[in-house]
Amino acid sequence: MPQYARDFITQVVLRADFVTGTVPMAGQVPEAVLSVLESFPERASLNRSRTEVRVQKTPQGPVRDTRTINFQEHNFWTAGRTVHAAVSSEYTFVSQAQYEGYAPLREQFLELTDAMAGQFPNLRIRRLGMRYVNEIKLPEADAGPGLGADFWEHYVNPLLLGGLRFAANDGALARHMCTTELNYGTDRATIRYGIFNGEYPQPNRRREFILDVDAYCQTQLAAPAVAAKVDDYHAAACQVFEAAVTDALRARMMMA
């Protein structure tokens, strides 16, 4: 991926959800895990719960078994809260609000995952994912006039703009978001894109286009498999972004 002076990333997340029961963490975070979070001075813990639904086959037919799992989520932030990490018996994640590059994010996440696996040798991951949220904002006058497809086709792949062209009326469009899901077997990707409009249901008045890429797998993994997977997902997210934008947007991103 080219090195841009400017990007439109507003959030990037690496997250691992654990197989229930494989991380029996109760109470405080182990010291070995805290040691990799020394650069996260702001801390808070919250009580959380999630509902798990299982369907079992019986001679009488399918039976739904629903249970509520209560746990503590321990949160950590860097100074200024630009990076957020969370640890619990159910999942761990690292999220950046100001993207600092893939390498430091990868290092933080792998250190945290490895520390958790070191404390809980039976740790298994049921879902591993990486998500990039790009908010392409072009309020500058020299970007050109308009709000609809005629404007965005200069910066976004026209194949993503069919719905905007169908709306055909810059003055009335309130929201237009699309979802494309890709299935590569064990690996999946969900791509959401379009005009979200933070002032919905008012008509849209902003030149802001969302490109949200979530690459993930929902198969059991052990901690040693994480590094290669997140590298694959980062590469996939970059490929989706490059395919979704035009040279005109790349030129603007090259300018500081």
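This is a predicted model: local features need pLDDT of at least 70, side-chain atom pairs count only at pLDDT 80 or more; totals for chains, interfaces and linings use all residues.

Colleague: What is the order of the strands in the open sheet?

Modeller: The sheet is an open one of 9 strands with antiparallel pairing, and its twist averages 15° from one strand to the next. Strand 2 (42-58) and strand 7 (176-184) each have a single partner strand, so one side of each is left without a neighbour in the sheet and both stand at the edges. Read across the sheet, the order is 2-3-4-5-1-6-9-8-7.

Colleague: Which residue of strand 9 stands opposite I191?

Modeller: Strand 8 (residues 187-195) and strand 9 (residues 208-217) pair in the antiparallel sense over 8 bridges, and within strand 9 the bridge partner of G194 is I210. For I191, the residue opposite in strand 9 is V213.

Colleague: Turning to strand 7 and strand 8, which residue of their hairpin takes a positive phi?

Modeller: These two strands pair in the antiparallel sense over 9 bridges, and T180 stands opposite I191 in strand 8. Their hairpin has 2 residues between the strands. The residue with a positive phi, near 90°, is G185.

Colleague: What angle does the direction of helix 5 make with that of strand 6?

Modeller: Helix 5 (residues 226-244) packs on the sheet, where it touches strand 1 (9-18), strand 6 (125-137), strand 8 and strand 9. Relative to the direction of strand 6, the direction of helix 5 makes an angle of about 25°.

Colleague: Is K137 buried, partly exposed or exposed?

Modeller: K137 has its place in strand 6, and, leaving out residues up to four places away in sequence, it touches R6, F8, R207 and E208. K137 and F209 are 72 residues apart in sequence, yet their C-alpha atoms are 6.6 Å apart in space. Because the relative accessible area of K137 is 35%, this residue is classed as partly exposed.

Colleague: Is T113 buried or exposed?

Modeller: T113 has its place in helix 2, and, leaving aside neighbours within four places in sequence, it is in contact with T92, A223 and V226. T92 and V226 are also among the residues that F109 touches. Because T113 has a relative accessible area of 1%, it is classed as buried.

Colleague: How does the geometry of the F71 and Y91 pair classify: stacked, tilted or edge-to-face?

Modeller: The count of aromatic pairs comes to 6. For F71 and Y91, the centres are 5.6 Å apart and the planes stand at 90°, where an angle over 60 is the cut-off that decides the class. The pair links distant parts of the chain, with F71 in strand 3 (residues 61-77) and Y91 in strand 5 (residues 91-96), 20 residues apart. The class of this pair is edge-to-face.

Colleague: What class does the pair of F151 and Y155 fall into?

Modeller: F151 is counted as buried because its relative accessibility is 2%, and Y155 is likewise counted as buried because its relative accessibility is 6%. These two residues form one aromatic cluster together with W152 and F209. With 5.5 Å from centre to centre and 50° between the planes, the pair of F151 and Y155 is tilted.

Colleague: Over which ring does the charged end of R15 sit?

Modeller: One such arrangement places the charged end of R127 over the ring of Y216, 4.2 Å from its centre. For R15, the charged end lies 4.1 Å from the ring centre, and the ring is that of Y91.

Terms used:
Residues are numbered from 1 along each chain as its sequence is written. Side-chain values use heavy atoms; hydrogens and water are left out. Rings of Phe, Tyr and Trp (its six-membered ring) pair if their centres lie within 6.5 Å; planes under 30 degrees apart count as stacked, over 60 as edge-to-face and the rest as tilted. Helices (H or I, at least four residues) and strands (E, at least two) are DSSP runs, numbered from the N terminus. Buried means under 20% relative accessible area, exposed over 50%, partly exposed in between (1.4 Å probe, protein chains only). A charge sits over a ring if NZ of Lys or CZ of Arg is within 6 Å of the ring centre and within 35 degrees of the ring normal. Contact means heavy atoms within 4.5 Å. Two strands pair if DSSP finds at least two bridges between them. Axes are lines fitted to C-alpha atoms, for helices over the stretch in contact, and angles run from 0 to 180 degrees between N-to-C directions.
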